[in-house]
Amino acid sequence: MADVFTTRTLDIPTGSRETVHDLTAACAAFLDEAAHGRDGLLNVFVPHATAGIAVMETGAGSDDDLLAALHDLLPADDRWRHRHGTPGHGRDHVLPALVPPHATLPVIAGRLELGTWQSVVLVDTNVDNPRRQVRLSFLG
């Protein structure tokens, strides 16, 4: 049975553009304070109906490739039944079905166990919401 559950909410400015925001450093900083060298699990959760969490390579064009793929899969046009906000905003409400609003990741000896090129990112295509909250929770 786990001994400790610790949680923190991050306030992330996403601006008015579609974005892939790297959370990896914030996750590592949180674990430095919360894990104290223990093994456990880190849960990353975005409590918004129009954003998601992904584990992916960043910085080599993959961020833009993901946004381009989402644009192809979920075009910002008038096909969507959900019709408030910016034109095509209904697609933002479909995003979490493809990029889930959470990820649970292993923590070993207090460190996030990601692959060499993996990062934890917030994926936000909703240009109507310039700020997001992300909840980090460590169980270990």
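Let me start with the largest nonpolar core: it has 22 residues, and Leu-23, Leu-42 and Val-44 touch the most other members. By nonpolar core I mean a set of buried Ala, Val, Leu, Ile, Met, Phe, Trp, Tyr and Cys residues joined through side-chain atoms within 4.5 Å. Buried is under 20% relative accessible area, exposed is over 50%, and partly exposed is in between, with a 1.4 Å probe and protein chains only.

A word on the source. This is a predicted model, where local features need pLDDT of at least 70 and side-chain atom pairs count only at pLDDT 80 or more, while totals for chains, interfaces and linings use all residues. Residues are numbered from 1 along each chain as its sequence is written, and side-chain values use heavy atoms, with hydrogens and water left out.

At least two residues each come from β1 (5–13), α1 (24–34), β3 (40–45), β4, β5 (102–108), β7 and β8 (131–139). Helix α1 gives the largest share, four residues. Helices (H or I, at least four residues) and strands (E, at least two) are DSSP runs, numbered from the N terminus.

What does Leu-42 touch? Leaving out residues up to four places away in sequence, its contacts include Cys-27, Phe-30, Leu-31, Ala-103, Leu-105 and Leu-136. Contact here means heavy atoms within 4.5 Å. Leu-136 itself lies in strand β8 and is buried, with a relative accessible area of 0%.

As a general point, nonpolar side chains in soluble globular proteins tend to be buried together.

Next, the sheet. Three strands form an open sheet in the order β2-β7-β4, with antiparallel pairing. Strands count as paired if DSSP finds at least two bridges between them. β2 (19–22) and β4 (51–56) are at the edges with a single partner strand each, so one side of each has no neighbour in the sheet. On average, neighbouring strands are turned by 30 degrees against each other, direction ignored. β4 pairs with β7 (residues 119–124) over six bridges, and Ile-53 stands opposite Leu-122 in β7.

Helix α2 (residues 62–73) packs on this sheet and touches β2, β4 and β7; its direction makes about 145 degrees with that of β2. Axes are lines fitted to C-alpha atoms, for helices over the stretch in contact, and angles run from 0 to 180 degrees between N-to-C directions.

On to helix α3. Gly-90, Arg-91, Asp-92, Leu-95 and Pro-96 are buried there, and the buried residues of α3 pack against β4, α2 and β7.

Last, the charges. The structure holds seven salt bridges, each a side-chain nitrogen of Lys or Arg within 4 Å of a carboxyl oxygen of Asp or Glu. Glu-18 and Arg-91 form one, with the closest N and O atoms 2.2 Å apart. Glu-18 is in the loop between β1 and β2 and Arg-91 is in α3 (residues 90–98), so the pair ties together parts 73 residues apart in sequence. Arg-91 is buried at a relative accessible area of 4%. Arg-132 and Asp-124 meet in another, at 3.0 Å from N to O, and both are buried.
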